[in-house]
Amino acid sequence: MHTQRQHHHARRTVDPRRAESIAAAYDLAGDNYIAYADGDSTRLFSFEGLHAYADRRLWSLLDAKLCRLRQSGARSVTILDAGCGPGTWLRRLVTRAVELRFATINARGFDVAEAQIETARRMAGNLAPLPGVSLKFDVADLTSPLREATGSVDLTLCLYSVLSHLPIASLPNVASEIARVTRGRFITTVRAVGSTPTIFIDSIDKARNFRLDHSQDRYHIELRNGRSIALRSHLFTARELRKAFGRHFEVEELSGLDIFHSRFLPDRRWNPASVLSDKQFLDLLAQLEELYAGDARFIERATHLLFVGRRRGSSAVLGAERRLPKDDNSRR
Ligand SMILES: C[S@@+](CC[C@H](N)C(=O)[O-])C[C@H]1O[C@@H](n2cnc3c(N)ncnc32)[C@H](O)[C@@H]1O
């Protein structure tokens, strides 16, 4: 039944600007998406492969926020993941919140792609029944009002390009709604304007061709298996991101995430084994990331822009690590 729906969506002439074409693309990806995005989905904290650096960096940030909240004496935590895909980040956070002995853990993820939500529910099967845990996944659209109560969420996430798929004109309303429900932090990553290409749903070598029309934010992808995908995709400048969310959130961090790692990744189809990255080299890249993540000349050439905002007027309980881009051209 579900497979029929997937095919129906994928074969129809799609308008890449519509949310349903985004849902169709991620539905079509099915479980390939979780393999592409998260590697071995059963090893939640292994952080291997293409996205290892960005994931590890993001995880240390999220983990620190959770620990800080617990250390402040909080016994309950509420987390919302907007555009959660297969729900891996919520599984990580809920697992950690259980370890930290939060007595009540409320977590909800939602996504427009039904197939991703089905995967999320299936993968979360062992966490959802734990005492004190409420872990739910729904099909919903971020451009619609959120069901959470005002000021009820400690951590609101919108990770890895969810915002890139929204109509840019919807951002002010989306930002207001996220701000309405958030009492703690909002953490998002979007594709930067100078990032390397991606086809979002799978590794780029699955594509025969791709072209992003920036005047319309329309992205057409021709897959090697003969299928075509059309989806809205916007590449962000740091200014756009700050403008959308800076009204509601004090900017704790606005930085480039993964400037060097992806670009220095050896390609096994091209480089000999002698060029494979060893620990020493990876440590060096990590130092470079640290050095240039806030540098105005590099930030928009990172794979992602990372925004961490503290709800204006909220207490600083979740902790602040500042890394803001310098407007001048001096090095950090
Ligand atoms: C690259 S995936 C990231 C998924 C997940 N956040 C992660 O980090 O693995 C982008 C996700 O955004 C979802 N998405 C796009 N537009 C959306 C919308 N308007 N409302 C909810 N989800 C949306 C897609 O269906 C897809 O699952």
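Strand β6 is joined to strand β7 (residues 218-223) by 6 bridges, and the two run antiparallel; strands here are DSSP runs of E with at least two residues, helices are runs of H or I with at least four, and both are numbered from the N terminus. Two strands count as paired if DSSP finds at least two bridges between them. The model is predicted: local features need pLDDT of at least 70, side-chain atom pairs count only at pLDDT 80 or more, and totals for chains, interfaces and linings use all residues. Residues are numbered from 1 along each chain as its sequence is written.

The largest nonpolar core has 86 residues, and A25, Y26, I79, L90, L93, L241 and L305 touch the most other members. Such a core is a set of buried Ala, Val, Leu, Ile, Met, Phe, Trp, Tyr and Cys residues joined through C-beta atoms within 7 Å; buried means that 20 or more other C-beta atoms lie within 10 Å of the residue's own, with C-beta atoms placed from the backbone. Helix α2 (residues 19-29) gives the largest share of this core, 7 residues.

L305 touches, among others, F236, L241, L254 and I299, leaving aside residues up to four places away in sequence. Contact here means C-beta atoms, placed from the backbone, within 7 Å.

Technical notes: Buried ≥ 20, exposed ≤ 12 C-beta atoms within 10 Å, placed from the backbone. Contact = placed C-beta atoms within 7 Å.
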